[in-house]
Amino acid sequence: SSDLAEPSGSWLPEVQQVYKQIMQEKDPGARQAELFQGNAKVGETKTHQVQLTAGKYYNVFGRCDQACEDFDLTLSANGKTIASDTDGDGEPLLNFKAEQGGRHQLNISMEDCDNDTCAYSVQVFESSTDTDPSLLRAQRSNVEIVESHDPAARVFLLRQQRLAAGQSHTEQVNLTAGKAYTFYGDCDDNC
């Protein structure tokens, strides 16, 4: 047969774009400091070196392919854990301020994969301002919910606003006939 199966990790670049968009909406000055991607077997841990700057804020997004059930991230320096996400899911997220600069070790652990190996992607974003992890987690969950129903779904529009009590905001949206749309609204922990 001339039909070739699409690699299970082929949609990871699209997810990477979503995370870039999320970060740039939250902080236009945020930059992607590192991007790690590869494949790992169940029980395998890969270590990457990350250079951090003291006083900067970091968001680390991990994502693995659809065959991946559980994927963990741990960041450490000199044997001391700085941040970790070992929840039983395939989308770990680290959010922290670097108290010290220099080289740090980022451990990527493939805890559960339905295939021989699973593809993964880890993006490290550096920012000068703290970004609320509650909104990052909500946006990440929204993407996962829609993708679980339609793997070909994509983020059409992402807008973030800061509103005072009683304020409102109107957004014009151009929709295409025949397409299905899902809208999510989230607000931070103070809301």
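Tutor: A disulfide is a pair of cysteine sulfur atoms within 2.5 Å, and please keep in mind as we apply this rule that the model before us is predicted.

Student: How many disulfides does the count come to by this rule?

Tutor: The count comes to two disulfides. In one of them Cys64 is joined to Cys68, with an S to S distance of 1.9 Å, and in the other the sulfur atoms of Cys113 and Cys118 lie 2.0 Å apart.

Student: Is the disulfide of Cys64 and Cys68 left-handed or right-handed, and why?

Tutor: The handedness is read from the torsion about the S-S bond, which for Cys64 and Cys68 is about -60 degrees, so this disulfide is left-handed. For Cys113 and Cys118 the torsion about the S-S bond is about 90 degrees, and therefore that disulfide is right-handed.

Student: Are Cys64 and Cys68 buried or exposed?

Tutor: Buried means under 20% relative accessible area, and both Cys64 and Cys68 are buried. Turning to the other pair, Cys113 is buried and Cys118 is buried as well.

Student: Which elements of the protein have the lowest and the highest mean pLDDT?

Tutor: As pLDDT is the predictor's confidence in each residue, we may begin with the protein as a whole, which averages 84, with 91% of the residues scoring at least 70. Among the elements, helix H2, residues 133-149, has the lowest mean pLDDT, 74, whereas strand S2, residues 45-52, has the highest, 95. Over residues 1-8, however, the pLDDT is below 50, and in the model this stretch has two contacts beyond near neighbours in sequence.

Key:
Residues are numbered from 1 along each chain as its sequence is written. This is a predicted model: local features need pLDDT of at least 70, side-chain atom pairs count only at pLDDT 80 or more; totals for chains, interfaces and linings use all residues. Side-chain values use heavy atoms; hydrogens and water are left out. Buried means under 20% relative accessible area, exposed over 50%, partly exposed in between (1.4 Å probe, protein chains only). pLDDT is the predictor's confidence in each residue, from 0 to 100. Helices (H or I, at least four residues) and strands (E, at least two) are DSSP runs, numbered from the N terminus. Contact means heavy atoms within 4.5 Å.
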